[in-house]
Amino acid sequence: MAVAGMGFFLCLLLPVGDWALHPLENRFQIPAELPEHIDGIIVLGGGINDRISQDRQTPVLSPAGNRMTTGAILAHRYPGSRLIFSGGSGAVIQGQANESDWAHILFRELEVPETQITLENRSRTTWENALFSKELVHPDPRSIWLLVTSADHMPRAVGMFRKAGWNVVPYPTGYQTLIHGNQWLFSLSGTLFKLDTAFHEWAGLFAARLRHETDSLFPKP
């Protein structure tokens with residue numbers, strides 16, 4: 001009990017969440033320059049809480065909601081591009097809620113033209129995001145596609161898209177840490193949330209390598 005108590009006390013005082021997230025979020029950077037033309041934007045699911053959205057009958061963003069807003073901003077910046085949203089339901093027990101339904105509504109409310117939007121509504125995991133999106137699009141090897149997901153999730157997502165044979169351009173969003181230095185929150189809940197996020201990603205990278213869904217443990221630019 002004393003050891004556990006000391007651990008919580010250290011989480012309150014020290015930015016251990018930032019320490020765990022820094023390598024993930026700093027692995028890939030937002031491109032310094034983007035081409036004048038891109039073929040499409042892929043927004044990975046996870047930015048909408050599908051169960052609450054279904055219950056409340058309105059799109060409800062999750063803590064990864066920046067994926068949605070960044071995707072909409074890029075769609076407006078590149079009006080000739082195709083916007084792919086990839087995400088069904090990540091719930092263990094599948095129900096009626098599907099994230100793509102609410103993503104569609106949200107993008108329309110953010111004034112993304114209907115002609116730009118394509119929905120992939122079967123995927124439940126990042127690996128399925130890569131496989132099913134490629135199956136839907138059949139991208140030309142010379143085409144340019146931006147991949148939008150949370151910065152901490154980007155290493156695993158890029159590794160899986162590469163393994164699936166799709167060389168995308170990473171466009172991370174939803175940062176939780178500073179580029180340099182740490183945030184001294186003095187908040188146990190805030191630190192534990194960051195630690196939970198980091199643990200999920202580090203464990204996911206390890207599991208993906210074991211399942212041969214990536215070619216390296218920690219994919220790099």
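The axes of helix 6 (126-137) and helix 7 (154-163) come within 9 Å and cross at roughly 40°. That makes helix 6 oblique to helix 7, since angles under 35 degrees count as roughly parallel, over 145 as roughly antiparallel, 65 to 115 as roughly perpendicular and the rest as oblique. This is a predicted model, where local features need pLDDT of at least 70 and side-chain atom pairs count only at pLDDT 80 or more, while totals for chains, interfaces and linings use all residues. Residues are numbered from 1 along each chain as its sequence is written, and side-chain values use heavy atoms, with hydrogens and water left out.

**Helix 6 against helix 7**

- On the helix 6 side, Thr126, Trp127, Asn129 and Ala130 meet Arg156, Ala157, Met160, Phe161 and Lys163 of helix 7, with contact meaning heavy atoms within 4.5 Å.
- Sorted by class, that contact has five nonpolar, two polar and two charged residues (Ala, Val, Leu, Ile, Met, Phe, Trp, Tyr, Cys and Pro count as nonpolar, Asp, Glu, Lys and Arg as charged, and the others, Gly among them, as polar).
- Helices here are DSSP runs (H or I, at least four residues), numbered from the N terminus; their axes are lines fitted to C-alpha atoms over the stretch in contact, with angles from 0 to 180 degrees between N-to-C directions.

**What packs on helix 8**

- Helix 1 (2-13) has its axis within 8 Å of the axis of helix 8 (188-210), and the two cross at roughly 95°.
- That makes helix 1 roughly perpendicular to helix 8.
- Phe8, Cys11 and Leu12 from helix 1 touch Leu188, Thr191, Leu192 and Leu195 from helix 8, giving a contact of six nonpolar, one polar and no charged residues.
- Helix 2 (16-25) packs on helix 8 at an angle of about 35°, with the axes 8 Å apart, and the crossing is left-handed.
- Residues of helix 2 in this contact include Val16, Ala20 and Leu24, and those of helix 8 include Leu195, Ala198 and Trp202.
- The helix 2 and helix 8 contact divides into nine nonpolar, three polar and three charged residues.

**The cavity**

- There is one cavity of 30 Å³ or more; on a 1 Å grid over the protein atoms alone, a cavity is a set of points where a 1.4 Å probe fits but cannot get out, and lining residues have an atom within 4 Å of a point.
- The largest cavity holds about 50 Å³ of space, taken as the space filled by probe spheres set on the points, which are joined across faces, edges and corners.
- Its lining has 13 residues, and Leu14, Pro15, Gln183, Leu185 and Thr191 are the closest to the centre.
- Helix 1, helix 2 and helix 8 each give at least two residues to this lining, and helix 1 has the largest share, with three residues.
- The cavity lining is made up of eight nonpolar, three polar and two charged residues.

**The largest pocket**

- About 1,200 Å³ of space lies in the largest pocket, a pocket being an open set with protein on both sides within 12 Å along at least five of seven lines.
- Gly45, Gly46, Ala64, Arg67 and His200 are the closest to the pocket centre among 42 lining residues.
- Helix 8 supplies the largest share of that lining, eight residues.
- By class, the pocket lining has 10 nonpolar, 21 polar and 11 charged residues.

Technical notes:
A crossing is left-handed if the near helix is turned anticlockwise from the far one by less than a right angle, and right-handed if clockwise.
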